[in-house]
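Please open the model in your viewer and keep the sequence beside it, ready to select residues by number. The tour goes from stop to stop, and each stop says what to select and what is there.

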Amino acid sequence: MAQQFSLTSRIKLSNGLSMPRIHLGVYLTSGQETSNAVQWALEAGYRAFDSAQMYRNEKEVGSAILRFLSSSSNTADLKREDIHFTSKLASNSSYDSARKSIKQSVQQCGLGYIDLFLLHSPYGGKAARLASWKAVEDAITEGEVKTGGVSNFGVKHLQELLASKPRILPAVNQIEVHPFNTRTEITSFCQQHDIVVEAYAPLARALRMKHPVISSLSDKYSCTPAQLLVRWSLQHGYVPLPKSVTKERIIQNGDVSGFVIDTKDMEKMDALDEYLVTDWDPVDAD
């Protein structure tokens, strides 16, 4: 029996903590647009939000979460600890710079601490990557961050970090992954090393919604192409971060418990890989 997934489903992390299986992405959103998306998502049952220093919307996401928690819309009587907030370091440089930057993010979001903090990319070189990771470790030790991870790391970057014998292991690697860019080498490595794969751009930024395979399977399972892509991600064990600023789509994208993609159809979707990169691709950076 395939696992049922909903907005309340959680995945266990290597550090013993857990996080929701579906997060709302807020990349390229700002101001009221961000606030509305977060509000609608919380009302729909989302419990996790993926921000970053680079997105310049940590404050809007944090404020919208706090407003919701203290409002009459919070019918489930949720507390801060029921919500999962992610941010990311804009650039890797020195330990001091990274440490200061993490503190600024905690202050910006206004949530008291950050649930998941990632190195946004491997750019900057080995010394900068390892120094920045030490800053994440110390932020965890000091209670500013609960869980540390990385983003856009290729296998060689993960191997380098693990070989440095860090005090705290990365629990997450957030990469672009969807049927049109399956990144099997990275996802296999992560799963072998108990690193949860977070899938950004799980909808391939709507570039392949009308692909014949996606269309026919959406019809077969009576779901939207976006729901099919979110479900594919979940069935692979990933944590998808579907992004939308439309209330109806935010609700739809999280409503994927009503169907299960069978094994043959999962394989059919896996075979769509064309290494489609919808944004940047730092996984091979030096």
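At the start of H10, which backbone nitrogen does a side-chain oxygen of Asp-262 reach? Select Asp-262 and Lys-264: the side-chain oxygen of Asp-262 comes to within 3.2 Å of the backbone nitrogen of Lys-264, where a polar contact is a pair of N or O atoms within 3.5 Å and, within protein, one must be able to donate a hydrogen and the other to accept it, while residues adjacent in sequence count only if both atoms are side-chain atoms.

Before going on, note that this is a predicted model, in which local features need pLDDT of at least 70 and side-chain atom pairs count only at pLDDT 80 or more, whereas totals for chains, interfaces and linings use all residues. Residues are numbered from 1 along each chain as its sequence is written, and side-chain values use heavy atoms, with hydrogens and water left out.

**Helix H10**

Now select residues 263-270, which make up helix H10; helices (H or I, at least four residues) and strands (E, at least two) are DSSP runs, numbered from the N terminus. Asp-265, Met-266 and Met-269 are the buried residues of this helix, and on its other side Thr-263 and Lys-264 are exposed. Buried means under 20% relative accessible area, exposed over 50%, and partly exposed in between, with a 1.4 Å probe and protein chains only. Seen down the axis of H10, the buried residues fall within an arc of 105°, so they line one face of the helix; the arc is that of the directions from the helix axis to the C-beta atoms.

**Aromatic pairs**

The structure holds four aromatic pairs, and rings of Phe, Tyr and Trp (its six-membered ring) pair if their centres lie within 6.5 Å, with planes under 30 degrees apart counting as stacked, over 60 as edge-to-face and the rest as tilted. Select Tyr-221 and Phe-259, a tilted pair with 5.9 Å from centre to centre and 35° between the planes. Tyr-221 is in the loop between H7 and H8, and Phe-259, 38 residues apart from it, is in the loop between H9 and H10. Next select Trp-232 and Tyr-238, whose ring centres are 6.1 Å apart and whose planes stand at 70°, so the pair is edge-to-face. Both Trp-232 and Tyr-238 are buried.

**Two loops**

Select Ser-244, which sits in the loop between strand S10 (239-240) and helix H9 (247-253). Ser-244 counts as buried at 8% relative accessibility, and its side chain reaches the backbone nitrogen of Thr-246 at 3.1 Å. Then move to Pro-202, in the loop between strand S9 (196-200) and H7, which counts as buried at 2% relative accessibility. Leaving out residues up to four places away in sequence, Pro-202 touches Val-177, His-178, Leu-229, Pro-240, Leu-241 and Pro-242, where contact means heavy atoms within 4.5 Å.

**The cores**

Finally, select Phe-49, Ile-65 and Leu-228, which touch the most other members of the largest nonpolar core, a group of 75 residues. A nonpolar core is a set of buried Ala, Val, Leu, Ile, Met, Phe, Trp, Tyr and Cys residues joined through side-chain atoms within 4.5 Å. A second, separate core has twelve residues, including Ile-11, Ala-171, Ala-201 and Val-239.
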